[in-house]
Amino acid sequence: MINCLFELSLAVAWSRTVHYPTQKMMIQIVTKTNRLLAGAPLAFWGLLVLFALPIAFFRIVDVDIWWHMQLGRTFLETWAAPDFSTYYFTPVNDHIPDLRYTFLGDIIFYLVHTAAGDLGLQLMRLVFLAVAWYLVASLAPKPWDAGLLCLLFFFTAGCYQLLLIRNALFSLPLFCLLLWLWHQVRYKDRKQLIWVFPALLALWSTLHGTYLLGFGVLALIMFGDLLDNLKEPERPLPLVRYTAVLAVSFIAILFRNPLTQSTISRVWESSGGPIFVAVGALVVIAVLILSVTRGKDLVERFGGKLYLTAVVLLVAAFAVAAVRHVIPFFTENIAETESTLGKLKLALNNTYWSTLTSDLVSSEFESPFDNFGFIFVWSSLLLGLLVVVNLFGRRLCLSAVIPFTGILLLALGYQRVAGYLTIFSVFTLVRMNIERPLLPERLRQLSPVACAVGLAALYLGLLTPLPTGLFDSHVVGPGRMVTYSTPMAKRLREEKQRVFTTIPVGGFMLYHWFPDKRVYVDGFFAPHFGPAFDDYKKALEQRDPELLYLNHGAELAVIGLTDAAWIDLFARSEHWYPRYMDTGLLVFQRQPDFLAPVPQLELFLDLKAVVNLPKRYRPTAANRLFELGTAYLVKGRINEARAYVDANKELLGNIREIASGTTASELERNLEVVEKRYQGRNTKALFHEFHYNEAMVEGLRERLFHHGNQLLDLEPARLKTAVELADAALRWNMTGKAASYLNRIHGKRDQFPEFFEAYNGRLAGYWNQLADMQIAAEDDASGVHAKARATIYDARRYPQQLVLSQHLALYRSLEKDKQQDRALALLQELDAVYPDTGPVLQYLAMHYLRHQNDNDALDVALGYADRALPLQEAAEAADLDILYLVLKEIYKQRGDMAKATEYLEKARAAAPEDRKQLYRKL
């Protein structure tokens, strides 16, 4: 990108200014540079290697290579598909896709590694890259000029992902060879080479699954060339030859190859078999006609049209399959996406592979729109843009446009296709440059300057810990990344326990343990879909590594130091303790008994080993050393944390500047605090306290209450924790939990007067809030008790008179709604909570009088009225006249008219002015 922008800016500035001597001098310099390169191929290749080494000569980082080599070893030893139950101690799927379409690549990798080790694999990568360079350069009109050098710079950057050491590496030279062969056949008139295509694809189909991409590109190229031929009547249509080559190629990649078979079956089922039957019949008829006649007119009128019709139907079949795949996806997922760009991105990202399933999917299937920061993404898209720009104003060449469009659409959906877009774009640009220069003369003259700037920028970028635009794990140099630790693999092979392995390290351990020891999972997804991957994901999602032991018996876990998520999971777990650590790996061992001694920690690294790590890994290793102490603290192992810090005091002090400051200071501060609080005694409360606080911050309900309850059981005096749990339960409308915590707190009221003096106001509010929630849920009895507690904690804010008036208002509302049973239960609960309370007794008398069914109810009403009368008279209640009327009605119904008249007169005398007129009617 720097090269391109620099060239364009200089070209614009140059075109708008007068040519001063300095500019003439620059022209002379770049002209001489071009001449130097043209006259000295070694200088050209030397500059190219100088540029490529920081990008192409990096340590082995891919997780796939190790199990690929193990497969290659098994193929050589058994000459049959491997028994995966000998690889993994986890359940293996019954149906595992056949690996015969990668077996040769696996064998080659294994043999190279056996003969030359890690460096041999890296040199093989450089050889493949050099072959690709040569195939590109051999087609250029000026093989050694700076313009080609600049283009190969971008070619190397754009192919970065294809340079990972795995089976896709074979696709780099093979795809280049396919396009080179087409150039020879079509433009160099070397027609005999066309029969190399079936052999090339047959070989490719034993190395990597992208042979299907190669076959598809070849078919599109030939189809486009046939369309181009229709515009050139002087050229004969090579229908028979193209058809025969594609047919033989198809048979070659279909023969005993399950990947081809499954792909064709998928399209067949999605588009409908009859379309393919029609296609086959038309192709056979067309070939027969074309083979028995040499008449050009007949070919054009009949055979050619039949052939093209068959091809159109074949394309239609694939289109129908694609539509049937995409439409459900659109309706289920894309409709929920708001932005237009988001809809487009999802559509492109799910045209062939689904990236939205619940299964684990490689990050390489991500959309390039989310990874523009990677060199290989923006380089490939930039090259593709140059192809599109240069198509304007040129003769339309469908043999380039049609396959380019297909690859471009795939590359816009999946970042892993970026390398193939780069290769096709570069070959297309070279071909265009043969017919007419791609860039103006002045712009091409600046290529050496642009190359120099780009080279300087690249090497300056390598001085930073994270080279800009490359994978985080990119480290220039021989060997492999530090996560792949042979000493640790040998040490763990001696352990009898089952070892949990993550995806990044599983293949490496398998390669070094087989056949003595099996692994949990590796980067080979196919055998693991099901129980193994389900528990793998659940352990991360639920933050519970115990699943790995309970379901699969794993008692050791080996994690790469850069795998922060898994290290954090085990370090913060209850039963897993650090066991071994070197410069790349950290091993945890399960110890469920808190009273038993913890596993002894062994460190296979010192200060020199940490300092000698690549810049990318130094801070990570230093941080992990401090985090080991924190891991002991999290589990409540205060003594072990102190012993670890004291035993490694010198090492921790020397790496303090390498680690992040907070990691070191947090360990020291936390250790000092907990030692003071617990007087150097181990306690499980620390474990639950850590997770409780974490769950509180993240709002994780189940974990919050689980760890909170454990804390309260271990330390019953933690009333502040109970208050926090009650508050959380109220916020989440969990009335039962809130009531239990508040009652638990209330039971400690006499033991901790100072605490309640500080928290009375807050607790009163909680009780009142709980009461309102319980009443809203029609749990009136609980609501009455909760309101009473609010009065106890803060009588000024929740006076009893106010609380009673609220309850009696509720009673009246229930009466109005004719909920007599609930209304009576409310009054009875009020009488139990607030005994000998005049208003409550008066309402009870009124209720029984109003809803009496027999003399017993009348007697009950009289009993409540008689109890209420002295209380209400002493309080000079405002509604005392109502109580007199109740007594008047009771005696009237009992036939004691004298008493009834007496209480009527009392009611008239006690009635307030606004009710006196009502008594005149009585």
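**Figure 1. Five strands make up an open sheet with mixed pairing, in the order β1-β2-β4-β3-β5.** Strands here are DSSP runs of E with at least two residues, helices are runs of H or I with at least four residues, and both are numbered from the N terminus. Two strands are paired if DSSP finds at least two bridges between them. At the edges sit β1 (498–501) and β5 (602–603), each of which pairs on one side only. This is a predicted model, in which local features need pLDDT of at least 70 and side-chain atom pairs count only at pLDDT 80 or more, while totals for chains, interfaces and linings use all residues. Residues are numbered from 1 along each chain as its sequence is written, and side-chain values use heavy atoms, with hydrogens and water left out.

**Figure 2. A closer look at β3 and β5 shows a parallel pair.** Strand β3 covers residues 576–581, and two bridges join β3 to β5. To find your bearings, look for Met 581, which stands opposite Leu 603 in β5.

Figure 3. Follow the chain to the loop between α21 and α22 (531–541), where Pro 515 lies. The peptide bond from Phe 514 to Pro 515 is cis, with omega near 0 degrees.

**Figure 4. The largest cavity holds about 330 Å³ of space.** A cavity is a set of points, on a 1 Å grid over the protein atoms alone, where a 1.4 Å probe fits but cannot get out; lining residues have an atom within 4 Å of a point. Grid points are joined across faces, edges and corners, and the volume is the space filled by probe spheres set on the points. Of the 20 lining residues, Tyr 187, Ala 400, Phe 427, Thr 428 and Arg 431 lie nearest the centre. Two or more lining residues come from each of α7 (171–187), α16 (398–413) and α17 (418–435), and α17 gives the most, with eight. The lining has 13 nonpolar, three polar and four charged residues. Nonpolar means Ala, Val, Leu, Ile, Met, Phe, Trp, Tyr, Cys and Pro, charged means Asp, Glu, Lys and Arg, and the others, Gly among them, are polar.

**Figure 5. The second largest cavity holds about 30 Å³.** Its lining consists of Glu 574, His 575, Tyr 577, Gln 591, Pro 592, Phe 594 and Lys 684. Three of these residues are nonpolar, two polar and two charged.

**Figure 6. Asn 733 has a positive phi, near 60 degrees, in a residue other than glycine.** You will find Asn 733 in the loop between α32 (719–731) and α33 (735–746).

How values were computed:
On a 1 Å grid over the protein atoms alone, a cavity is a set of points where a 1.4 Å probe fits but cannot get out, and a pocket is an open set with protein on both sides within 12 Å along at least five of seven lines; lining residues have an atom within 4 Å of a point.
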